[in-house]
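Work through the exercises below with the sequence and the coordinates open. Try each task before reading its solution.

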Amino acid sequence: MWNEPSAGIALAALEGETPRLPAPAVVATVEPGSIAEELGFQPGDRLLSINGRRPRDLIDLQMLVGEEELTLEVEDPNGTLHRVELEKDLDDGLGLGFTEALFDGLKQCNNHCPFCFIDQQPPGRRSSLYLKDDDYRLSFLYGSYLTLTNLGVADWQRIEEQRLSPLFVSVHATDPELRSRLLVNPRAGQLLEQLAWFDQRDLQIHAQVVVCPGLNDGQALERTLADLAAFGGGEWPAVLSAAVVPVGLTRFRPAGDALVPVDRRSALQVIALVEPLQLQFQQRLGSRFAWLSDEWYLMAGLPLPPRSEYEDLPQQENGVGSIRAFLEALDLATRNLPRALARPLRLSWVVGRLVAEALEPVVTRLNGVAGLELILHGLPSPYWGQDQVVTGLLTGSDLLGGLAACDLGEALLLPAVMLRQGEPVFLDDLPLAELERQLPVPVILLRGAEDLVAACLGGQLQSP
């Protein structure tokens, strides 16, 4: 018999107790024309409970508002309490956005991986850069990776009851001893048992393997992918895909970590190991199953695989096929270019040095438009101490230093991926406004291929 999964904390069951309750859900936005707008919700209102239950996070909240009859307890910014009763259709949401996804705090990482990017940052930056997110709820909501090492009994029970699937799991190695050593956590060795747990409950994950040369490459990587593929078959595979990505090392990493950066030779070795396995998985599972991130091919000096080999891009947010997809989008956006511009236009476009060569054909195509001159600048990152760097890791100081003596034309085209999501700030805390103040030309933010083409055709020549 199906039992409806529980959501939130029942306040009625807590009478006489003083437990630590989740914080209220603070309203950030109210959708125009929504139920919430009709009810008079305003940013800053605090949603305390829904039908007598306090939501722990957005997952609880989405489940709780799925009822037809709702009783909401709300506290406005003045501290006045309101009780709101309403009826709605089951599928109708309230139309509220909130300042946080988690109302009871972030589950942080309890591992000590020497290759952790969080530990490879300089001190003194914004506090959010140092949060070691290892929360299964953010994995479910946003696709962030977790290790499964910090879950208690109640967490596993909730994943099962609320069907929080798929999750995104950083595997790195399936050999218990090796994974425990890589994560510096004895609980990390339980991974295969945890995968079996997902399999038995028809729950699913996407896996990630961060390859550290000399540690989990070679035979260890081959075993890891084979073990993951063992859970990749059937009508409801427990492991949907595996991404193989190179370790990223910065000049701020702890001394004596014994880590070796990926170079052209190691990139070629990893490609030579994974590509034959992809063919085996294709025959056995009907999918290539394991994919190499685009960085491997760029570092190896090899062309990216054709778009068809990425299937439905299950790991695009992890850098698997992201550049190939962008090139495909650029092909579509540049299919019907005009022969000439109404007036001459000179622009500069800045990207990470690692991807610059792959983008040269696009620049050549755009420069075929009479009157347009697009100048591509592929920059290294002195900030991180990386010569070959992807675009998203370039910082404000990298841009100021790298572009200081460059011809920038009339404006600088800047990929928005360099900025913190939702905020005009670079990874080194330099505000976008400060970059604009120090540059001699205005900045145009690019959020995709269409933005690039529109800017080159003179349609977006304005500051963000």
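This is a predicted model: local features need pLDDT of at least 70, side-chain atom pairs count only at pLDDT 80 or more; totals for chains, interfaces and linings use all residues.

**Exercise 1. Helix α14**

Task: Decide whether helix α14 (residues 449-456) is mostly covered or mostly open, and find what covers its buried residues.

Solution: 
- Step 1. Apply the cut-off: a residue is buried under 20% relative accessible area.
- Step 2. Count along the helix. Six of the eight residues of α14 are buried, so the helix is mostly covered.
- Step 3. Name them. The buried residues of α14 are A449, D451, L452, V453, A455 and C456.
- Step 4. Look for the cover. Two helices are included, α10 (322-333) and α11 (353-366). The strands β13 (340-352), β14 (370-379), β15 (412-415) and β16 (443-446) also belong to it.
- Step 5. Check the backbone past the helix. Just after α14, G458 has a positive phi of about 85°.

**Exercise 2. A charged surface patch**

Task: Which residues form the negative surface patch that includes E87, and is E87 buried or exposed?

Solution: 
- Step 1. Collect the members. The patch is formed by E67, E68, E69, E87, D89, D91 and D92.
- Step 2. Classify E87. Exposed means over 50% relative accessible area. E87 reaches 66%, so E87 counts as exposed.

**Exercise 3. The surroundings of P114**

Task: Where does P114 lie, and which residues does P114 touch beyond four places away in sequence?

Solution: 
- Step 1. Locate the residue. P114 is in the loop between β7 (96-98) and α3 (136-142).
- Step 2. Classify P114. Its relative accessibility is 27%, so P114 counts as partly exposed.
- Step 3. List the contacts. Leaving out residues up to four places away, P114 touches L182, V184, D257 and L259.
- Step 4. Compare sequence and space. P114 and L183 are 69 residues apart along the chain, yet their C-alpha atoms are separated by 7.8 Å.

**Exercise 4. Salt bridges**

Task: How many salt bridges does the structure hold? Then work through the pairs D155 with K107, D135 with R137, and D175 with R223.

Solution: 
- Step 1. Side chains of opposite charge can pair when their charged atoms come close.
- Step 2. Take the total. The structure holds 22 salt bridges.
- Step 3. Treat D155 and K107. Their closest N and O atoms are 3.2 Å apart. This pair links distant parts of the chain: D155 is in helix α4 (residues 153-161), K107 is in the loop between β7 and α3, and 48 residues separate them. D155 has 14% relative accessibility, so D155 counts as buried. K107 has a relative accessible area of 23% and is therefore partly exposed.
- Step 4. Treat D135 and R137. The N to O distance in this salt bridge is 2.9 Å. D135 is buried because its relative accessible area is 1%. R137 is buried as well, with 3%.
- Step 5. Treat D175 and R223. Their side chains meet in a salt bridge at 2.9 Å, N to O. Distant parts of the chain are linked again: D175 is in the loop between β9 (167-170) and α5 (176-183), while R223 is in helix α7 (residues 218-229), 48 residues apart. D175 counts as partly exposed at 22% relative accessibility. R223 is partly exposed too, with a relative accessible area of 37%.

Key
Residues are numbered from 1 along each chain as its sequence is written. Side-chain values use heavy atoms; hydrogens and water are left out. Buried means under 20% relative accessible area, exposed over 50%, partly exposed in between (1.4 Å probe, protein chains only). Contact means heavy atoms within 4.5 Å. Patches are made of residues with over 30% relative accessible area and no salt bridge: like charges are joined within 9 Å, nonpolar side chains (Val, Leu, Ile, Met, Phe, Trp, Tyr) within 5 Å. Accessible areas come from the Shrake-Rupley method with a 1.4 Å probe; for residues, only the protein chains shown count as cover. A salt bridge is a side-chain nitrogen of Lys or Arg within 4 Å of a carboxyl oxygen of Asp or Glu. Lys and Arg count as positive and Asp and Glu as negative; His and the chain ends are not counted. The place of a charge is taken as NZ of Lys, CZ of Arg, CG of Asp or CD of Glu.
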